[in-house]
Amino acid sequence: MARGKIQIKRIENQTNRQVTYSKRRNGLFKKAHELTVLCDARVSIIMVSSTQKLHEYISPTATTKQLVDQYQKAVGVDLWSSHHEKMQEQLKKLKEVNRNLRKEIRQRMGESLNDLSYDELGFLIEDVDNSLRAIRERKYKVIGNQIETHKKKVRNVEEIHRNLLLELDARGEDPHYGLVDNGGGDYNPVLGYPRVLALRFQPTQPNLHSGGGSSDLTTFALLE
């Protein structure tokens, strides 16, 4: 079947427009490559899509600059002079801005003050005072944040210390604190505390009471 004639107008559907652009771009680049190989031509193609994406084809035997220079020579125009003049003008403005900034920095450091009038010196003093005020406020804010952070750390440590004291008092009041009875009269640790065995020695063993000890109760920690 013969292909139907396509009306040349803008494709409204964005997806279809992008697909058509991609297909025809590849076809155009293929034709350019064929011209390069078959006819020993130098071809350069620059394309920009509706989404501002740049696509380029250049013959392997040439560069874009070479073809542009040859085009300028053949047509008799200079595409770079106006662009170069604009760049020079922009560079001149940037140099002036840089010179003024360096001068302002020197003045804030107390240098290059001879050319300033009385009013300009007053404005400079006001600017320096405002800068110092802003720096000082920032410094105090940083110090305040550091103080608040350290206070939170201290409160956390104090809370841990209080909990440890309460736990220590509870263990002193209840010898079975943290242990559970396994039903055989023995206790197993629940909170990670080792089992403790209390042995009371009879007074008939005087060698165990030598040394003037004030208590006849000795405890031994049993390993699990």
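# A tour by selection

Start at Gln52: this residue is exposed, with a relative accessible area of 65%. The model being toured is predicted.

**Stop 1: Gln52.** With Gln52 selected, find the loop between β1 and β2 (54-58), where this residue sits. Then check the backbone torsion: phi of Gln52 is positive, about 65 degrees, although the residue is not a glycine. Most residues other than glycine have a negative phi.

**Stop 2: Asp40.** Is Asp40 buried or exposed? Asp40 counts as exposed because its relative accessibility is 67%, and the cut-off for exposed is over 50%.

Stop 3: An unreviewed UniProt entry annotates residues 84-111 as "coiled-coil region". In the model, the chain over residues 84-111 is 89% helix and 0% strand. A distance between the C-alpha atoms at the two ends of the range comes to 37 Å.

**Stop 4: Gln107.** Stay in helix α3, which spans residues 81-108 and includes Gln107. Gln107 has 13% relative accessibility and therefore counts as buried, the limit being under 20%. Which residues does Gln107 touch, leaving out those up to four places away in sequence? Show Ser112, Leu113, Leu116 and Leu124; these are the residues that Gln107 touches.

**Stop 5: the second largest pocket.** Select Lys9, Ile11, Thr20, Tyr21 and Arg24, the lining residues that lie nearest the centre of the second largest pocket. The complete lining of this pocket has 12 residues. By type, the lining divides into 4 nonpolar, 3 polar and 5 charged residues. The volume of the second largest pocket is about 340 Å³.

**Stop 6: the whole chain.** Zoom out and colour by secondary structure. The protein chain has 4 helices and 6 strands. Follow them along the sequence and the pattern reads α-β-β-α-α-α-β-β-β-β. Switch to colouring by accessibility: of the 224 residues in the protein chain, 10% count as buried. For contacts between residues at least 6 apart in sequence, 21% join residues at least 24 apart.

**Stop 7: confidence.** Finally, colour by pLDDT. The average over the protein chain is 79, and 75% of the residues score at least 70. Now select residues 189-224, where the pLDDT is below 50. This stretch has 43 contacts in the model beyond near neighbours in sequence.

Definitions and conventions:
Residues are numbered from 1 along each chain as its sequence is written. This is a predicted model: local features need pLDDT of at least 70, side-chain atom pairs count only at pLDDT 80 or more; totals for chains, interfaces and linings use all residues. Side-chain values use heavy atoms; hydrogens and water are left out. UniProt positions are given in the numbering used here, feature names are shortened, and annotations may be inferred rather than shown by experiment. Buried means under 20% relative accessible area, exposed over 50%, partly exposed in between (1.4 Å probe, protein chains only). Contact means heavy atoms within 4.5 Å. On a 1 Å grid over the protein atoms alone, a cavity is a set of points where a 1.4 Å probe fits but cannot get out, and a pocket is an open set with protein on both sides within 12 Å along at least five of seven lines; lining residues have an atom within 4 Å of a point. Grid points are joined across faces, edges and corners, and a volume is the space filled by probe spheres set on the points. Ala, Val, Leu, Ile, Met, Phe, Trp, Tyr, Cys and Pro count as nonpolar, Asp, Glu, Lys and Arg as charged, and the others, Gly among them, as polar. pLDDT is the predictor's confidence in each residue, from 0 to 100.
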